[in-house]
Amino acid sequence: MKYFARRIFIYVLTAWAAVTINFFIPRLMPGDPVQSLINRKQGQISADAAQSLYVLFGLDKNTNMLEQYIAYWQQLLRGDLGLSFANFPTPVSEVLAQSLPWTIGLVGIATIISFVLGSLIGVLIGWRRGTWADGILPVATFFSSVPYFWLGLIAIMLFSITWKIFPTGGAYDGGLIPGWDLDFIVSVLQHGALPALTIVLSSVAGWILGMRNMMVTVTSEDYVTVAQAKGLSESNVMFGYAARNAVLPQVSSFALSLGFIVSGTLVTEMVFSYQGIGFTLFQAIGAKDFPLMQGAFLVITLSVLAANILADVAYVFLDPRTRQEG
Amino acid sequence: MTAIPVQTDATALTGTNPAPTAAGPRRKPRGTAQQRFPFLRNKKAVTGLVILGFFTLLALIGPWIAPFDPNAISKDILQGPSATHWFGTSHLGQDVLSQIIVGTRSVMLVGLVTGVIATVLSVIVGVSAGFLGGVSDEILSALSNIFLVIPALPLIIIIAGQLPDAGGMTIALILAATGWAWGARVLRAQTLSLRRRDFVEAARANGESTWRIVWFETLPNLTAIIASSFIGTVTFAILSQTTLAFIGVTSIKSWSWGTVLYWAQSGQALHRGAWWWFVPAGLCIALVGMALTFINFGIDEFVNPRLRSAGTSAKDMRRRGIRPRIGFTAIDRSAMATSRRRAVAPPAHPDAWAPETTPSPKSPPTKEPKR
């Protein structure tokens, strides 16, 4: 349990750090981009909303930093992230609440598929080292070096424009009303297939390479030789002894590289105009919608933290050593 | 240097062993470049270095060899690859090849600057965390964990997006500030394991100062890890810089591969079927990334001999009648022969060439059933 308490402490610390970074960045920037935006929207913003933006961006010059910081926290805990400028006068939290499920659905499923698939292929390649399977390695290296968004562009060019198999963008057919009916679900799956394929294709290579290298290292451990000597079946040795141990660093690196992966997948959403957080962030950049950008950063970071906690729980299940008391 | 090279093996020692003989000057091993730099014996590493060298050259002389001015507008609008325009033209008739050649410089420069700054940061944080231990270690590790978990791209976007004009160097600084944590983590782990090794204890017992232990005993043994974290950071920097330019966060005035892609996207290259506009830039990124990964593989195999399959490609193994099985560590006989010859010259410990990580001769590490 000590292990778990430690991790939770780190996550609380990270959440605090993310909020604090979010607090300081607009205050450290030269000029006042937000002030000018507020001025431009003058008259449309109610006094309350304007006050909330002043607190978020530190434009309230009459208070000192500490008071601002406390006011900022109070506002955040109420779930107030300010007003979005681009989708005026919708609150940022509302815009993000609409896009978050799409991102979790697309990125979450694609990342898990990629991790499981990559680890399985890695186990097989690592086990059959020095056969034709090694030929996958250079290909995997190539795909791991390609930026996600470029692969997305190529996928759109091939599968949406040259051969019109998949739609070019969006999360569902514009003519449909979101709901749990068959038409809508089919449309969502159709629209999600290509972005998901892109994410899987560009992230699977990293897992293959990592798992393969761990397998190669683990298979020369004595316990694997012993298992083999006991006459256990090959698949038993491969999965029960070698892969079981090789997957541990893989899971902890999964937790650590989530930040990188999420960064990459957000850009995939931008390319496919998939209405998740990444696309919202992209639109916010174009519209210089600072409240939305800051809010998106916070929500993305907190989601990554939540995913990290899940990965940690998985790790505790996989590695009995972490469960030992004392 | 009293340090014992960590986790290197026979082939590695042929070139890097400082041959600690008290009597007589150290004889420089004469031979081909391959023998002097065993790193170059690794085919992957050489491939990576060659590709990287090509792009570095392009970065240096790019503006002089570009066939056209990348900004020059011409009447050849959206033309496919031809003899005059190898990579075709953009919606304004600009030469895409020239844009890519000129853009190489900023890509490589941002990669290099980010890599250097982030690596220095990670060495400072990682090594001091590993060495100091206690509360300082806890604080520094927590700091690097925080930076690892926070997704870098959205953070960079909110910083760069609020700056009036984010040029190449600003981006490099921001990328370095967000990209050092991984290296610091790896370096801390390795420093922790080095700190308790005998040679460091011996140095401490000799009364060497902490600074001397850090600089002359520890850092030389971290070289491979520092190099690989440097290369990892450069890859991260190049990918991030391109992504930022592509989504239009950074300045779009100067040319880089990301800027080319940005204009291709905003110029509707996809829907106009202008594949030549965005395919080459992406391939260049992939090539550089691949080169860096290959170099990293080279370093990995250099450090961890188990990953090495020196001269044992699949075909080669079949020809020699070797069936790779579990617990199989390929042994490069020719490399061993040369190293043995060298190891005989100085009165070294007979086991000096036996790496710590390879299985001891007593256990049956290799299974090479001859057909």
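The C-alpha centres of domain 1 of chain A and domain 2 of chain A lie 31 Å apart, with the domain bounds coming from an automatic or database domain assignment. This is a predicted model, in which local features need pLDDT of at least 70, side-chain atom pairs count only at pLDDT 80 or more, and totals for chains, interfaces and linings use all residues. Residues are numbered from 1 along each chain as its sequence is written, while chains are lettered from A and ligands numbered from 1 in the order in which they are written.

**Confidence in chain A**

- The mean pLDDT of chain A is 80, and 90% of its residues score at least 70; pLDDT is the predictor's confidence in each residue, from 0 to 100.
- Helices (H or I, at least four residues) and strands (E, at least two) are DSSP runs, numbered from the N terminus.

**Domains of chain A**

- Chain A is split into domain 1 (1-78) and domain 2 (92-317).
- Across the boundary, 13 residues of domain 1 of chain A are in contact with 13 residues of domain 2 of chain A, a contact being two residues whose C-beta atoms, placed from the backbone, lie within 7 Å.
- On the side of domain 1 of chain A that touches domain 2 of chain A, the elements giving two or more residues are α1, α2 and α3 (47-57) of chain A.
- α1(A) gives the most to that side, with nine residues.
- That side of domain 1 of chain A consists of 10 nonpolar residues, two polar and one charged; Ala, Val, Leu, Ile, Met, Phe, Trp, Tyr, Cys and Pro count as nonpolar, Asp, Glu, Lys and Arg as charged, and the others, Gly among them, as polar.

**Contact between chains A and B**

- Chain A contributes 60 residues to the contact and chain B contributes 53 residues.
- Elements of chain A that give two or more residues to the side touching chain B include α1 (2-28), α8 (182-218), α10 (234-272) and α12 (290-318).
- The most comes from α12(A), with 10 residues.
- The side of chain A that touches chain B holds 38 nonpolar, 19 polar and three charged residues.

**Chain B**

- Chain B has 14 helices and zero strands.
- Of its 371 residues, 48% count as buried, that is, with 20 or more other C-beta atoms, placed from the backbone, within 10 Å of their own.
- Among contacts in chain B between residues at least 6 apart in sequence, 72% join residues at least 24 apart.

Note on methods. Buried ≥ 20, exposed ≤ 12 C-beta atoms within 10 Å, placed from the backbone.
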